Amino acid sequence: MSPAERIRFFWTRHGNSCSLALFLIAILTLPLIQDNPYYLGLSNQVAINVIIVLGLNLFVGYAGQISLGHAAFFALGAYGSAILTVNFGIWPWPAMFVTAALVGLVALAIGLPTLRLSGHYLAMATLGFNIVVYTVLLQWDKVTGGPDGFIGIIEPLSVGTLPMDTEIRFHYLVWGMVFVLIALCLNLVRSGVGRSLATLAADERAASALGVNTGLAKVKIFALSAVFASLAGSLYSHCFLFINPDTFSIFRSIDFVIMVVVGGLGSVWGGLFGAGLITCLPELLDAFEAYKDIIHGLILVLILLFFPQGFVTGLMDLWRTRRALKKQMPDNA
Amino acid sequence: MQFILGGLTSGAIYALIALGFCVVNNTMGIVNFVQVDFVSLGGMLFYTCVVMYGFPISVGVVGAVAGVAVIAALVELLALRPARSDNQLVLIFLTIGVSIIMRGVMKLIWGENRMAVPSLSGDEPIHLMGATIMPQAIWILALTALAIILLIALFRYTSIGLAMRGVAANNRAAKIIGLNTGRVKSMSFALAGALGGLAGILVTPLTTLNYDVGVLLGLKGFAGAILGGFGSFTGAVIGGLALGLMESLTAGYFSSAYKDVVAFVILLIVLFIRPKGIMGR
C-alpha cells in the first residue's frame, strides 16, 4: 500500500473517531484564539441550535419523517427549566434532566397516536402542537410571564462551585454537551436502531417486512429528538437567563428544518454546518435585514432543487461520484 | 345566533382555503404551504388595485383573483416542477421555502404596516333575527357558495376538471392516455391560488392586512381540510365550517384568549381518534 492509500484506509476505519478528536481540539482551542464575547456568544447559540438539529436530523434525516414543531419541545425545555428552578427552587442540573424526561414523555404521548400517520398529517400535527404551546406561553401569563418573557431570575448552571456565567465557561459546557451528543448520534446511527431507521426512511413497508417495528421505532426516535430539543432549551434559558415566547414560534421550527436541510438529511456532521450557517447568516447580513426572509427561502429552495438530499451530503456525493468515475476511466480524467 | 353567524363566516373562509389545499393535494400528493401566502397575496393585490390605483371594487376582485392564480401557476412552474425529486419530504419543504420567499417579497413591496382594506359594500350593519351582520359577512357566505358551485361545475362538466380528476386518480395512467400532467398540475396550482386569493380578498377587510396575515388563517384552513378528511372537497367545506363554528363558540362562551388554539387542539384530537377525518375513506 502506498502511504496515501494507507491514510485513506485508516480514515475509512477510524474516520468517526478522528473527526471527533479533531472536533474536540477545535472546541478546546477556540476560546484561546477568539475571546471576543460577542463571537463566543454567537458560537454558543450555534451550539444550542446544533443540539436541536442533531435530534431533528435523526427524525427527519434518518427516519424520513416530518416535524414542523420542534421549537415547541425547545420551548418546553426552556420554560420547564426556568419554572422548576425559579418557582420550585430545584437546582438547575436536576431541573434540566427532569424537564428533559418530562418532555420525552410529552413527545411519547404525542407520538404514539400521530406517528401512525404519515406525511402531511404528521406535518400538521407537529405544527398544531407548536402553535398550541406557543399560544399557551403567550396567554398563561401568571406562569410564563406572557409576551414580555419569563419573570424571575434564572440562575446559571454551575459545575461544582464554578458558575457557568461567562461566555468562555459556557462555551466549554455547551460545546462539551454537543461533543457528547454527536458521539452518541454517530454510534446510534451505526447501531441496529440506526440501521432500522434508515430502512424505514427508504421504504416503510420493506422495513416492517424485515421485522422492524416501524411504529415503535418512529415514536422512540421522535421522543429522543424531543429530549435533545429540551436539553437545548434548558441550556438556552440558563445561558441567556431570559426567555420569551417569540423565540419558540413555528417560524423557529421551520428554521430548524432549514438547518437540517442545509446540512444534509441524515448527516451528523452536516448538521453542524447547517446550524452554523443559518445561525450566523442574519449576523453576517446585518445590512440586508429586509432581505433576510428571501435569502433564507432561496437557500432552502435552491438546495432542495439541486441537492435534494441536503447541501453537505449532496456535495460529498458529487465528489465521491467524480472520484469513482476517475478511478474507473483514467483516460477520461 | 351572533356567534353562529360569526363562526359560519370565518368557517367559510377556512373552507375556501381548505379547498385550495385539497386541489393541490389531489393532483400532486403534497401539502402546499404556499397556499398560506396566496391568502395574504390576494388581500395585497386587492388593496393595490382598489386603494392605490382606484379601480372599482369588482375589477379589484377579479384582478386580484386572476393575479394570484397566475403567480400560483408560476410557483409550480419555477419551483416545484424543476425539482429533481419525487420525495414528498423534499417537495413539502420546497413549498415551505417558496412560502418564506413570498413573505419576504411581500414584506419588501408592501412593507410591514397593517393596512385597512375596504369591504365590498359599505360598513352599515344589518339587523337580522337578533344578530348584527356586517354586509361583508353576507358577501363572504355568498361568494364562498358561488366559488364552491363553480368548483363543482368545473370538476363535473369541463375537460380540464376531468383531466384534474384523472391525474388525481392515477398520475401515470393519465400520462399514458396523453394528458399533459404538468399543465394539469399548473392549473391545479392556479385554481388553488384563485381560491386562496378570494379568501384573502374577503377576509382582510375584517382582519386588516399585512404580509403574514395569511399564516394563521391558512394553517387553520389546513386544519379544516384535515378535519374534514384531507383530499375530499365535501370534507374540506364541512371541516372548514365546523372549525369556524367551534372557534367562534369557544371564543363566545369560554375565553377569547385561547381562540386561536381551539382549531389546533380539535385537530390534534381528531388526528388521535380518527386520523382520516370526518369524510375520509
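Q: How many aromatic pairs does the structure hold over all chains?
A: There are 12 of them over all chains. Keep in mind that this is a predicted model.

Q: OK, take Phe73(A) and Phe222(A). What's the geometry of that pair?
A: Edge-to-face, with 5.6 Å centre to centre and 80 degrees between the planes.

Q: And where do the two sit in the chain?
A: In distant parts of it: Phe73(A) is in helix H3 of chain A, residues 70-88, and Phe222(A) is in helix H10 of chain A. They are 149 residues apart.

Q: Buried or exposed, those two?
A: Phe73(A) and Phe222(A) are both buried.

Q: What about Phe74(A) and Phe248(A), why is that pair edge-to-face?
A: Their ring planes stand at 70 degrees, and over 60 counts as edge-to-face. The ring centres are 5.2 Å apart.

Q: Which parts of the chain does that one tie together?
A: Phe74(A) is in helix H3, while Phe248(A) is in the loop between H10 and helix H11 (250-263) of chain A, so the pair bridges parts 174 residues apart in sequence.

Q: Is Phe74(A) buried or exposed, and why?
A: Buried, because its relative accessible area is 0%. Phe248(A) is buried too, with a value of 1%.

Q: Which residues are in the cluster with them?
A: Ring pairs link Phe74(A) and Phe248(A) with Tyr79(A), Tyr236(A) and Phe256(A).

Q: Switching to helix packing. How do H4(A) and H10(A) cross?
A: H4 covers residues 92-114 and H10 covers residues 214-240. Their axes come within 8 Å and cross at roughly 145 degrees.

Q: Left-handed or right-handed?
A: The crossing of H4(A) and H10(A) is right-handed.

Q: Which residues make the contact?
A: On H4(A), they include Met96(A), Ala100(A), Val103(A), Gly104(A) and Ala107(A). On H10(A), among them are Phe222(A), Ala223(A), Ala226(A), Val227(A) and Ser230(A). That's the Phe222(A) that pairs with Phe73(A).

Q: How do the contact residues divide into nonpolar, polar and charged?
A: The contact of H4(A) with H10(A) has 16 nonpolar residues, 6 polar and no charged.

Q: Now the chains. How many residues does each put into the contact?
A: Chain B gives 40 residues and chain A gives 44.

Q: And what area do they bury between them?
A: About 3700 Å² for chain B and chain A, with 82% of it on carbon and sulfur atoms.

Q: Which three residues of chain B supply more than any other three?
A: Leu89(B), Phe93(B) and Phe272(B), which supply 16% of the area chain B buries against chain A.

How values were computed:
Residues numbered from 1 in each chain as written. Chains lettered and ligands numbered in written order. Predicted model: local features only at pLDDT ≥ 70, side-chain atom pairs only at ≥ 80, totals over all residues. Heavy atoms only, no water. Axes fitted to C-alpha atoms, helices over the stretch in contact; angles between N-to-C directions. Helix = DSSP H or I, 4+ residues; strand = E, 2+ residues; numbered from the N terminus. Left-handed = near helix turned anticlockwise from the far one by under 90°. Contact = heavy atoms within 4.5 Å. Nonpolar A, V, L, I, M, F, W, Y, C, P; charged D, E, K, R; others polar. Phe/Tyr/Trp six-rings, centres within 6.5 Å; stacked < 30°, edge-to-face > 60°. Buried < 20%, exposed > 50% of the residue type's maximum accessible area, 1.4 Å probe, protein only. Buried area = accessible area lost by both parts, 1.4 Å probe.
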